[in-house]
Amino acid sequence: MNTSLRNHQVFDISIDTHQQGGSRWFDDDGRLKRTGTVWTASAHIITAVIGSGVLSLAWAIGQLGWIAGPAVMLLFSFVTCYTSTLLSACYRSGDPITGKRNYTYMDAVRSNLGGVKVKICGFVQYLNLFGVAIGYTIASSISMMAIKRSNCFHKSGGQDPCHMNAYPYMIGFGIAEILLSQIPGFDQLHWLSLVAAVMSFTYSSIGLGLGIGKVIENGKISGSLTGISIGTVTQTQKIWKSFQALGDIAFAYSFSMILVEIQDTIKAPPSEAKTMKKATLISVVVTTFFYMFCGCFGYAAFGDLSPGNLLTGFGFYNPYWLLDIANAAIVIHLVGAYQVYCQPLYAFIEKEAAQRFPDSEFITKDIKIPIPGFRPYNLNLFRMIWRTLFVVLTTVISMLLPFFNDIVGLLGALGFWPLTVYFPVEMYIVQKKIPKWSTRWLCLQILSVACLIITIAAAAGSVAGIVGDLKSIKPFQTSY
């Protein structure tokens, strides 16, 4: 079996010799032994979760105020943690120890729900992953420009406005992603995830430290109980921006769409579901701690003027070198997070292509390229060309839609209810055979409907923001 197929054995291969619990080298499904632990799974989740979304949280709390802001954040963390636990129970169909594995989110939906829901799930999941790639390209270019501008401001003593074009930075990020996208699969990404997780803590900590410093410098805690005041914005704007803030917070917690793929890297025993529950809890607790501190201290520092990207709010003056470190850490983190999010999409397309054209050497043949001191690299021409075209497409769209906050809010809104709440709840009900109209069934349905209402409100707010942005943006002519 060639390496392209081996990396994406999401085919329904039944290898009888390994069905009884695997062997020394293989798992019960005939694949090579999985080696993931609670810590590698946590690193993957933290890499995915503590992304650029953390930088918009001060702004989000600024729209909602000191009461609703932290309360909404805690609510999202609880819902995400709970529904992720439900989803992790659906990795195996039937028995949690020996049941058939579901390698992807779509496989889990296919096993438990079937029918048209599989197609809906696939469309929403992969559209969301595609959108995240666009959002991360925009965010990375903003951070790269922030480094360049802060050094320009420092050299000129603030005399030069230092206007610059975003597009060279987006193109540079795209080139880096084209190279990294040739990493074949999730199991070979753990080193990139660990680096990215360290980077996310670095810039979050710097944002937190600068927020605390700004509060001390101001000598007071800014902000109000009800959020941004009428006058700074109109009543209508406040409503839309509050809705958009819900989307920003939802985006900051979105990782369900890659949870099953991460779970498929975990070794057993103990059961993958048990390990994943621990990894989810650790990750959500750690991220909520960081989110609370970064969001709250950012709002305390800037009040109604809280920026959409926290690090840009500190200006370009001292300690400019610290902001440079933070922005560099964001770029490195987003380089890794982009790959963590896109791997499921890559795998899906490559699996479909190999199933439809099993005799095509262009799709299935690997070319071994010797690398001195390392194992040979397996170059697959289809993988190289398709992944390159994907990165080029996300980069071009980023250049057409370079507004970070509204895109983040819309992505969070579109992905939150279907992927984080609806499908995990429905699959869990089927998996555990929960009777209709029982107390547990009703509670799960109430949770789902409540989250749907929040999603609709968040999407409406983000669309309103994007419509406003489009009036002032000219394609391919964006500078800062």
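**Exercise 1.** Does Glu352 count as buried, partly exposed or exposed, and at what relative accessibility?

*Solution.* Start with the ground rules: this is a predicted model, where local features need pLDDT of at least 70, side-chain atom pairs count only at pLDDT 80 or more, and totals for chains, interfaces and linings use all residues. Residues are numbered from 1 along each chain as its sequence is written, and side-chain values use heavy atoms, with hydrogens and water left out. Next, the cut-offs: buried is under 20% relative accessible area, exposed is over 50%, and partly exposed is in between (1.4 Å probe, protein chains only). Glu352 comes in at 22%, so call it partly exposed.

**Exercise 2.** Which residue meets Glu352 in a salt bridge at 3.9 Å, N to O, and how exposed is that partner?

*Solution.* A salt bridge needs a side-chain nitrogen of Lys or Arg within 4 Å of a carboxyl oxygen of Asp or Glu. Arg356 is the partner here, at 3.9 Å. Arg356 is exposed, with a relative accessible area of 65%.

**Exercise 3.** Which parts does the Glu350 and Arg387 salt bridge tie together?

*Solution.* First, the contact: the closest N and O atoms of Glu350 and Arg387 are 2.8 Å apart. Then place them: Glu350 is in α11 and Arg387 in α13 (residues 381-400), so the bridge ties together parts 37 residues apart in sequence. Finally, both residues are buried.

Technical notes:
Helices (H or I, at least four residues) and strands (E, at least two) are DSSP runs, numbered from the N terminus.
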